[in-house]
Structures are given as structure tokens and as C-alpha cells.
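Please have the sequence and structure to hand.

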Amino acid sequence: MQLHFRSRLSLPLFTGGKVEGEQGAAIHIVLDDASTRHVVTSGTEASVKLDVVVLEDDLNNEAHEGWTQEEFELYY
């Protein structure tokens, strides 16, 4: 499963700041099945609450893969 932003974010983003779409609009995020690329529209995954936060870090390296929730909360 993969999360995808369907709306453009209002830039710049600041750590601890509110994450909004362009011109203050709500952001639209969908969950895709990675193997089929279809949007998940039913089941518990289709109606999950999601918190989006801005982090001051480079999370694009392998050291950050596979974190548990506890590990993430300890670091951030």
C-alpha cells in the first residue's frame, strides 16, 4: 500500500506548521494498492485517520526504513 497526495501542497512547508493545499485548501490523500495501482475505496483502510507532520530531516535514506511507531516517536 502507498499513500499519494492528490492535491498540491502550499509551499514552503515549515516544521511544526500547518500542512495545507494550495491557497489554504484541504489536502487530498489516497491509499493505493501498490501492485494494482487502484485506489482503496472500501474496508478499514479506506477510512483511516491520518496525521501529516513536517519533519526537518532527510528521510530518503535506508537508515529510516522499517521503523516501528515507537522508534519514530522516540526520534521525532
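Which element gives the most to the lining of the largest pocket?

## Basis

This is a predicted model, in which local features need pLDDT of at least 70, side-chain atom pairs count only at pLDDT 80 or more, and totals for chains, interfaces and linings use all residues. Residues are numbered from 1 along each chain as its sequence is written, and side-chain values use heavy atoms, with hydrogens and water left out.

## Largest pocket

The largest pocket holds about 270 Å³ of space. Closest to its centre, among 14 lining residues, are I29, V30, L31, A46 and V48. Strand β2 gives the most to this lining, with three residues. A strand is a DSSP run of E, at least two residues, numbered from the N terminus. On a 1 Å grid over the protein atoms alone, a pocket is an open set of points where a 1.4 Å probe fits, with protein on both sides within 12 Å along at least five of seven lines; lining residues have an atom within 4 Å of a point. The volume is the space filled by probe spheres set on the points, which are joined across faces, edges and corners.

## D32

D32 belongs to β2 (residues 29–32). D32 is buried without a salt bridge, and R6, the nearest side chain of opposite charge, is 4.2 Å away. Buried means under 20% relative accessible area, exposed over 50%, and partly exposed in between (1.4 Å probe, protein chains only). A salt bridge needs a side-chain nitrogen of Lys or Arg within 4 Å of a carboxyl oxygen of Asp or Glu.

## G24

G24 sits in the loop between β1 (2–5) and β2, partly exposed at a relative accessible area of 43%.

Note on methods
Helices (H or I, at least four residues) and strands (E, at least two) are DSSP runs, numbered from the N terminus. Lys and Arg count as positive and Asp and Glu as negative; His and the chain ends are not counted.
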